[in-house]
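Please walk through this model with its coordinates open.

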Amino acid sequence: MSQKQIMLVIYGLMAGMFLSSLDQTIVGTAIRTIGDDLHGLDQQAWVTTAYLITSTIATPIYGKLSDIFGRRPLYIFSITVFILGSLLSSFSTSMYMLAAFRAFQGIGAGGLMSLPLAIMGDMLAPRERAKYQGYFLAVFGVSSVIGPLVGGLFAGTHTIAWIAGWRWVFLVNVPIGIIALAMVIAFLHLPRFNHNKHVRVDWWGATAVVLALVPLLMVAEQGRVWGWTSAASLACFGIGVVGIVAFIIIESRMGRDAIIPLSIFRSRVFSMATVLGALVGFGMFGAMMTLPLYLQIVMGMSPTESGFATLPMIGGLMVASIVSGQIIARTGRYRQFPIIGTAFVVLGFLDLTFITADTRFVYIAGGMVLIGLGLGQLMQSLVLASQNSVAPTDMGVATSSATFFRQIGGTLGTAILLSVLFASMTGNIRTAMQDKDTLTDALDAAMTPAVAQAPQNAGAMRQIWTPIVTPIEDGVQAQLDQAAAQATSHAPNEAAKQVILQQVAAQAGATVKDGRIVVDYSNDAQRRAIVDKTVPTVLDGLAGDGSGTSTSGDVSTSDTSFLNGADARLTRPFLVGFTKSAVSIYWVGMSVLLIAFVLTWFFKVPELRMHSALQEQANRAAANAEETAAGAGPTTDDGSTR
């Protein structure tokens, strides 16, 4: 292919990549606003998981079908489905409806994720790809900058053209997708060398993939709600196992026509790259999903600000990708990058395990830079190893399979770790409230009329403190009424009764108002006396001994909008509890990446090919033609004759 042809194809690929990468950054920035508006932030994992399930399942199917029918028609189909899914998502009225439409959108995303890598492998030799890496990094970088800005703008705007602002998060994909589709149709033209290939599509294998993955991913998301040993969970486990067994049997019988030919796993390089990709996906996707939530919920950033706050990670990724790509292009060596890359990601997650509700952003940015530097080295090297471990005719299968297993890891990581995050939040919030100083300050604020009645604190009071404060105030008033009744039961006249009430009120640190002893909660001394007296009782109740007042152990996590602008003393337990839950996720992510780091030392990568996959197929076709003319049998993929 000429330089001009290569560049035109790259333009088409860049258009599709821009569409998918922009969607991810926009939705990731706006998801909290979407969840709050649809009253289902704790159902966020359904939206994310549904998209990942379908995109994961579709990935190997796209790879195999593109090997048979060509990359171009499959890429056009994937963009079209993605556009339609975006349009449908904008009409969602609940998080479950949004999850369904995002699942449809994910069918298109599966092609956008895997086909560009396969096409690059087709037309460029491995060492040449580094020369063009900058173009794709530029697309990724631009979308990473524009995405948070656009997502934050839409999420932060009530309505745009009489349509809720967050719905434009999905509508914006329609015009961009149409432009990308036009560019792909105009520029993406690749030669083919398998026109006469016998077509046998592995639809039974595709069905088995669905049967295996959907129930397992569903139980990963809903297991904490159903109960891990409930009938629904056990049914999902059983169906998933049956699907896995059926998939293995079907693929073994389909041979090279299988969606994922089992023969490619005979390569130790491909198998190791697959395992590493799955581990990286599990730890990376699951743990990193909490970063935007932490920035918005704990640090109080807007969606736009949280998007821009992730730029240190994007910058680290771009720098590492460019530098590692240039080194690979000049030396042909890349074994060191999986080792160094996993080490950087482990250090990044280790850095994040030390965050608290008071951590400064500079510290968090340091962890994000380390993660970005690690990912920039990992992604390219694992794909190169997978592509170089198989025959050129299996480029689509190898690329999509590598992406498939990385996405499985990412989908499981997102579903499981976000489930753990929200499942542990209630307990961690309760634990945070058991800090005496935190509880004392919060109760003092919640009992202050000016604070409790402020509009910006209404949500925090309703969600956390009213269930605690109301019983306390009612109990205190009941005790005062009882003491007043006993003291004045023998008063000879009204004047004597008032004198007695004043004496009792003085002893109780209260006030007489309208013939009744009451606590003036706007009086600092009176309020503080009640707070100091009731804090031990509330602490006992939070500790679970049953002697305390009703607590906020069941704080809802489906809508966090009440945190916006609320008094910091009222929201402190929620922020501390969320942070502790996020830290537990970072520990899990670090542990998984640490396993990957150990495995990279046993990862022996193959030498990089000198020619692109299409060039090797062209050379083989020419050799076959010459041998046929000479009377010899044509060569096979391994160079033997038949």
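In this predicted model, helix α3 (residues 71-89) packs against helix α7 (residues 173-187) at an angle of about 170°, and their axes lie 9 Å apart. Axes are lines fitted to C-alpha atoms, for helices over the stretch in contact, and angles between N-to-C directions run from 0 to 180 degrees. α3 is therefore roughly antiparallel to α7, a label for angles over 145 degrees. Helices here are DSSP runs (H or I, at least four residues), as are strands (E, at least two), numbered from the N terminus.

On the α3 side, the residues in contact (heavy atoms within 4.5 Å) include R72, Y75, I76 and I79, and on the α7 side they include N173, V174, G177 and I178. The residues of this contact divide into 12 nonpolar, 4 polar and 1 charged. In this scheme Ala, Val, Leu, Ile, Met, Phe, Trp, Tyr, Cys and Pro are nonpolar, Asp, Glu, Lys and Arg are charged, and the others, Gly among them, are polar.

A search of the whole structure finds 4 cavities of 30 Å³ or more. A cavity is a set of points on a 1 Å grid over the protein atoms alone where a 1.4 Å probe fits but cannot get out; a pocket is an open set with protein on both sides within 12 Å along at least five of seven lines; lining residues have an atom within 4 Å of a point. The second largest cavity holds about 50 Å³, and its lining consists of A273, T274, G277, L382, V383, S386, A402 and R406. At least two of the lining residues come from each of α10 (268-288), α15 (361-388) and α16 (395-433).

The second largest pocket has a volume of about 500 Å³, a volume being the space filled by probe spheres set on grid points joined across faces, edges and corners. It is lined by 31 residues, of which R32, T33, D36, S561 and N564 are the closest to its centre. The lining comprises 14 nonpolar, 12 polar and 5 charged residues.

Two residues remain. D514, in the loop between β3 (511-513) and β4 (516-518), has a positive phi near 55°. Most residues other than glycine have a negative phi.

Residues are numbered from 1 along each chain as its sequence is written. Local features need pLDDT of at least 70, side-chain atom pairs count only at pLDDT 80 or more, totals for chains, interfaces and linings use all residues, and side-chain values use heavy atoms, with hydrogens and water left out.

Key:
Parallel < 35°, antiparallel > 145°, perpendicular 65-115°, else oblique.
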